[in-house]
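Please examine the sequence and the structure shown below before reading on. The explanation moves from one chain to the other, and then to what they share.

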Amino acid sequence: MVASHMATAVRPKSLSLRLRPLIAPALFIAPAALALILTMAAPMADAVLLSLERWDGMTPPTWVGFSNYLNLIHDATFFRALWHTAYFTVCTVILQTVLPLLIASLLNSGIRGSTAFRTLYFMPVIISLTISGLLWAMLFEPNFGAVNSLLRAIGLGDFAPLWLAGVDTVMPSVIIVSVWQSLGFYLVIFFAALQGVPKELYEAAELDGAKAWSRFLHVSVPTIWPVILIVIVLNTINGIKVFDQIWVMTAGGPDYASATLGTYLYTIAFGAMGASNSRLGYATAIAIVILLLSIVVSIIQIRLGRRADLDSQIEM
Amino acid sequence: MIGGQRVLSMRGFRKAIAPANWALTFTRTLIYVILVTIAIVEAFPLLWMIITSVKDSHEVFNTVLPAEINWRNFPRVWFAMNFPVHLENSLYVTSLTVALVVALATPAAYAFARYRFPGREVAFYAFIGAMMIPPQAILIPMFQFLRSLHLLNSLTGLALSYVGGGVAFAIFLMRTFFLSLPGELGDSARIDGCNDFQVFWHIYLPLARPGMATVVIIQSLYTWNEFMFSNTLITSPGKKTVQSAVFQAVGQYGTDYTALCSGLIIALVPVVLVYLVLQRQFISGLTAGALKG
């Protein structure tokens, strides 16, 4: 690819001399490039085409232009799924950034046993979303699940919600599971970043009479802001494409109350039991929406984040 | 007051007598209370799962702790859920994916770090851009692609479907690693008569082992735990990976929580064992992956 580009640019005389240094890197990269084209670029291009077609997976597809996208506008379930996705993303971005950051600061305050705490908090991170989803589905069971049993035992039986089975409580429940599972992951990232903050900065702030909270806000946060920004972007991308844990716990139910873009497109393409594939073009159009959303939102976040970074440095 | 302080901090006991330190000790205690509470919340579901797995089925909803530890659920589920087959399937898919990703990504990452050539930045960002693609976007085309190759419902096909995303991420990680190695090593090897391939193979590859270990850990965990592709691209029960097999078992076992919990634990054991052995590398590898990604 690179070689052919060069061939047009240089005269034949010096061709072999010019090309020689390119041979080694081309050979090193070619296998990976081929793999990426076959298993990523080609399917992605195919997805863009597919989103402009009507296809049941069996008979040849028919070109329908942008009508899949136009149909999305009239699809109330699509907008519910979009709303749930936004709800999940905003909540997890806030909770999964603020909580790990605060707890990492507590662990970094010079207390003993911080390694033990980190190891323990990290345990749920290595568990698959499938297993944690199935586990929490049992814990959240409204009638005899452990969470409601616990609530009844401490006299909060009247409060005991339906959790995953309730239309109003299903999204918060799913978010709780996500926070539970990822806390250790982001916490360890923040802890590593906080360890890198020079001690002198805290000492200087302390001399100026800054209390712990203000040292956190005016020293820790601005210093590790690039890491915070990465965590926000990661959380956003993961939120927009959320699928596994919701599919395992509720399959988007009850009655689409926890349907996200990810689960809705899966329902359309593969059905609840993974058998029927009727409207593959339409499902793919939703996949493209997920892709565009994650690209646009993360670019905006990085842009705004960089500016906030500059501002905070000026304040300092 | 003094009794309380002793509980708060043994080390700080002498210091705590001074009034200024009382506030400090109080803060420390508060911090520990918060951290321990979170530890309980994080550990509770896992402890509940372990306790439930050794209960007798009539004890599940009535008692907090079982009268006696009952291991029978494990052999029962081991054979009923056909775990030997599913564990072997997952092991095959994970090994094949990891081997392909490391073999493809390492030389490419080396080239991006150590060579200057026209189009390098563009090519590199094309690879990185692939990391942004959500798996949902390529799921349906991948389904059709594998079907056309007769690799649908095949564990090899499933492994292939993971390669693209894995390679992109691994190149990103490994490139940073190769950049951290000194360039002089290669220069002096070239003076000694090594060609490009020999420099890579004999000089840099041995030094890149820690970077490769990070890739192996991240990719193994990701592949072993992956659900959407494995649940969609594999249809026959005997070829299911652990994750989708466990998911399928839910319908079958319903509220037989002792069986389900034992099943989840069996599915978890391989990952937990590796985690306990390689704890440090696991945590640093995963977080390094996130920060660079």
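The model is predicted, and the predictor assigns the complex an ipTM of 0.83 and a pTM of 0.86. Chain A contains 14 helices and 2 strands. Its radius of gyration is 25 Å, whereas the globule rule gives 20 Å for 316 residues; chain A is therefore more spread out than a compact globule. Along the principal axes, the C-alpha atoms of chain A fill a box of roughly 75 × 55 × 35 Å. Of the 316 residues in chain A, 41% count as buried. Among contacts in chain A with a separation of 6 or more, 67% join residues 24 or more positions apart.

Chain B is divided into domain 1, covering residues 2-53, and domain 2, covering residues 76-292. The centres of these two domains of chain B, taken over C-alpha atoms, are separated by 40 Å. Domain 1 of chain B contributes 4 residues to the contact between them, and domain 2 of chain B contributes 6 residues. On the domain 1 side, the touching residues divide into 2 nonpolar, 2 polar and no charged.

The contact between the chains involves 68 residues of chain B and 70 residues of chain A. On the chain B side, helix α3 (residues 19-53) provides the largest share, with 13 residues. By residue class, the side of chain B that touches chain A comprises 54 nonpolar, 11 polar and 3 charged residues.

The largest nonpolar core has 162 residues, and those with the most contacts inside it are B:Ala105, B:Val167, B:Ile171 and B:Leu264. Helix α8 (residues 155-179) of chain B supplies the largest share of this core, namely 16 residues. Leaving aside residues up to four places away in sequence, B:Leu264 touches A:Ile131, A:Leu134 and A:Leu135 in chain A, together with B:Met49 and B:Val246 in chain B.

Confidence remains to be considered. Chain B has a mean pLDDT of 83, and 91% of its residues reach 70 or more. The pLDDT stays under 50 over residues 1-10 of chain B, for which the model has 10 contacts beyond four places in sequence. It also stays under 50 over residues 12-17 of chain B, again with 10 such contacts in the model.

How values were computed. Residues numbered from 1 in each chain as written. Chains lettered and ligands numbered in written order. Predicted model: local features only at pLDDT ≥ 70, side-chain atom pairs only at ≥ 80, totals over all residues. Helix = DSSP H or I, 4+ residues; strand = E, 2+ residues; numbered from the N terminus. Rg over C-alpha atoms; globule rule 2.2 N^0.38 Å. Buried ≥ 20, exposed ≤ 12 C-beta atoms within 10 Å, placed from the backbone. Contact = placed C-beta atoms within 7 Å. Domains from an automatic or database assignment. Nonpolar A, V, L, I, M, F, W, Y, C, P; charged D, E, K, R; others polar. Core = buried A, V, L, I, M, F, W, Y, C linked by C-beta atoms within 7 Å. pLDDT = per-residue confidence, 0-100.
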